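Hi everyone, thanks for coming along. I'd like to walk you through a model I've been looking at, so let me put it up on the screen.

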Amino acid sequence: MLHILNKSPLEKGTLDTALRLARSGALLLIEDAVYAATGGNGAEPKLREAMAKLKVYALMPDLQARGMADRLMDGVSPIDYEGFVDLVVEHPNCQSWL
Amino acid sequence: MAKKFMLVNRKAPYGSIYALESLEVVLIAAAFEQDVSVAFIDDGVYQLKKGMQTKAIATNNFSPTYRALEDYDVDKLYVDAESLTARGLAPEDLITDVKLLDRDALAELMEQQDVVLSF
């Protein structure tokens, strides 16, 4: 299953709920959720832990827009819009954690 | 053929339009005789709180509709037990009968769906 997040981990508890209920598959961070995948962010330990069960992606255009493209954590794969579409196609279903 | 639809509710009622819109979609999916499940997670569990009195905020109290969903053959209402506990609520505080699920059971149920709609 593909889990899509779009909220900053420091503003909302959405990341916690998503990680609690995501067992396997992929986690895609878009919009303000890309901050979760930047080194030194408070969410970094949680995200590192999640990598044991989920493949983690971050949308590069959103990192670039926020000036954070050079802060992407090791282990998180940057993807573009085409990659986003591929992820949706590859997974049987997806949940957007609004 | 009917598909397995899950509506995932994660927002409190009245503060935004999500809860009401979700309920509309539940009824639409039921009208098309789909296999509908409704999950209540995070603040979404507040949608099921008993005893809502909305007159003074000039808003329609739609919570009795959850109790009527059975009449539309929608009887798969699932509540995330951890979300309920974190808000000081228990099953007897809810307007209708639900199935309480732990995180593993809920995660598994989500993965089994053909379509997941988020509210």
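Let's start with a question: which residues touch the most other members of the largest nonpolar core? Before I answer, please keep in mind that this is a predicted model. The core in question has 54 residues, and A:Leu29, A:Val34 and A:Ala36 are the ones that touch the most other members.

Let me stay with A:Ala36 for a moment. If we leave out residues up to four places away in sequence, A:Ala36 touches A:Pro9, A:Leu15, A:Leu29, A:Asn41, A:Ala43 and A:Leu47.

Now over to chain B. Chain B has four helices and five strands, and from the N terminus on they are arranged as β-α-β-α-β-α-β-α-β. The radius of gyration of chain B is 14 Å, close to the 14 Å that the globule rule gives for 119 residues, so chain B is as compact as a globular protein of that length. Its C-alpha trace spans about 45 × 30 × 25 Å along the principal axes. Of the 119 residues in chain B, 35% are buried. And if you take the contacts in chain B with a separation of 6 or more, 74% of them are between residues 24 or more positions apart.

Let's zoom in on strand S1 of chain B, residues 4-9. Is this strand mostly covered or mostly open? Mostly covered: five of its six residues are buried.

What does S1(B) pair with? One partner is strand S2 of chain B, residues 35-40, in the parallel sense and over six bridges. To get from S1(B) to S2(B), the chain passes through helix H1 of chain B, residues 18-31, and this β-α-β crossover is right-handed. S1(B) is also joined to strand S5 of chain B, residues 115-118, by four bridges, and these two run parallel as well.

Last stop, the place where the chains meet. Eleven residues of chain A are in contact with 14 residues of chain B. On the chain A side, helix H1 (14-21) and strand S5 (94-97) each supply at least two of the residues that touch chain B. By type, the chain A side divides into five nonpolar, four polar and two charged residues.

That's my tour, and I'm happy to take questions!

Methods. Residues numbered from 1 in each chain as written. Chains lettered and ligands numbered in written order. Predicted model: local features only at pLDDT ≥ 70, side-chain atom pairs only at ≥ 80, totals over all residues. Contact = placed C-beta atoms within 7 Å. Nonpolar A, V, L, I, M, F, W, Y, C, P; charged D, E, K, R; others polar. Core = buried A, V, L, I, M, F, W, Y, C linked by C-beta atoms within 7 Å. Buried ≥ 20, exposed ≤ 12 C-beta atoms within 10 Å, placed from the backbone. Pairing = 2+ DSSP bridges. Right-handed = clockwise from strand over helix to strand, strands pointing away. Rg over C-alpha atoms; globule rule 2.2 N^0.38 Å.
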